[in-house]
Amino acid sequence: MEQLPDEKRGGELKWVRTVVDLDNHVKVPTLDPNMDSPDMFVEDYVSNLSKTGISMSIPMWDLHLLNIKTSDAESVGVLRVHHSLGDGTSLMTLFMSCTRKLSDPEALPSLPMNMKKKHGSSSGGFLQYFIKLFSVLLLYWNTFVDVVMFFITTFYLDDTKTPLKGPLGVASTPRRIVHRTVSLEDVKLVKNAMNVTVNDVMVGVTEAALSRNLNRKYGKIKKDAGGAEGHNNLPKNIRLRATHFVNLRPYLVNEDVSEMIKSSSKVKLGNLIGYVIFPFTIGLREDVLDHVRSAKATGKRKKASLEALYTYLMAKFFIKFFSAKWASFPTQTTLWYSNVPGPQEEVTCFGHQVAYVAPTCYGQPNALMIHVVSYVNKMKIIVSVDEGVVPDPHQICDDIEESLKLIKNAVIEKGLVDSYDY
């Protein structure tokens, strides 16, 4: 599929079927296998891709095969896809449909199920009726508050200008994209000990990491200004929020793409995401577990709201009746944040074992984006930054890794897990 102007609709772009010429999409550059720093080469290569767009005269994707050994893999494939083709969950599903289990070359891999709970229709008397009524009223009240805050944010309320907050115009700047692997088992240990979700843990870890990072940056600012760098250098009442993306599909299912088309599968591809404005509490906590508790409380509050559905419908409205520019994401927040589940077992792609999956974006109106994706027993952290604003993406990865370690150790020291759990 490609997009072409529709003359009947004043040049509005529409999707049309086309013939794919692989020579226009698959790039295999000739590389020196003995280069000094393969990891830095790949990092620079991906950064250079962010300086260019994808031609709209052909289907909007390309694949770059880099036959060079890095510290993570024997070779690297960089798949660049325009976001109009699908959101993270959709693209992950499509990619996984092209893979097979390493243990069973004929079987599709498994994605973590995300079934939404269905409440029974049986009546439980007046108390149950009152609880349901209260839940509905709370849902609509929370939605009303979130929608009001959305408009206030869009027209007035900007995040605090911290060293992580980019100015207007960063959507068109190149990106430096780095990634780091942490243990998914460590994340699950914290999850089970604190009775939270994996997303709660990773949001709490990210909040702790950004607090550490900003504290260090403000300490350096104080020192450069001739002041004394203390333990806590953070200004009070920092407003730092994330545009947190939410998958609106009721469940995740992994099917072969050809079978989806033949069977009119209920699995919806394309873009079906909303977002919520997610506040981070920036500060140095005496108990590092408070970051996870804060993430859980905010996440629970956001789940009891239709904010994500509202932002999705608003985007569709503006795209249909105005243009895609009107449906752009808010520039007032500090970062984008996304958490996408990956396969639960090791997979192969056309006979090649996949070492890791590291999705991210460029072109967003924020200087910082953090992506989290799971793969088997690993959690991949991907950080995409505008280097003019955030020159130290590797340090952010260090802070995330160290924050997870501190939170895990705190859980163990407080006796929240049994010895056999770790």
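Asp 62 has Arg 80 as its bridge partner in β5. This is a predicted model, where local features need pLDDT of at least 70, side-chain atom pairs count only at pLDDT 80 or more, and totals for chains, interfaces and linings use all residues. Numbering runs from 1 along each chain as its sequence is written, and side-chain values use heavy atoms, with hydrogens and water left out.

**Sheet**
- Strand β4 (residues 61-66) and β5 run antiparallel, joined by six bridges.
- The open sheet has three strands in the order β3-β4-β5, with mixed pairing.
- β3 (26-27) and β5 (76-81) sit at the edges with a single partner strand each, so one side of each lacks a neighbour in the sheet.
- Strands (E, at least two residues) and helices (H or I, at least four) are DSSP runs numbered from the N terminus, and two strands pair if DSSP finds at least two bridges between them.

**Helix α8**
- Helix α8 (residues 307-321) has 15 residues and spans 21 Å from first C-alpha to last, close to the 21 Å expected at 1.5 Å a residue (1.5 Å times one less than the number of residues).
- Its buried residues (under 20% relative accessible area, 1.4 Å probe, protein chains only) include Tyr 310, Met 314 and Phe 318.

**Second largest pocket**
- Among its lining residues are Arg 212, His 231, Arg 285 and Ser 403.
- α5 (198-224) and α9 (393-413) are the elements giving two or more residues to this lining, and α5 gives the most, with five.
- A pocket here is an open set of points on a 1 Å grid over the protein atoms alone, where a 1.4 Å probe fits, with protein on both sides within 12 Å along at least five of seven lines; lining residues have an atom within 4 Å of a point.

Conventions:
Buried < 20%, exposed > 50% of the residue type's maximum accessible area, 1.4 Å probe, protein only.
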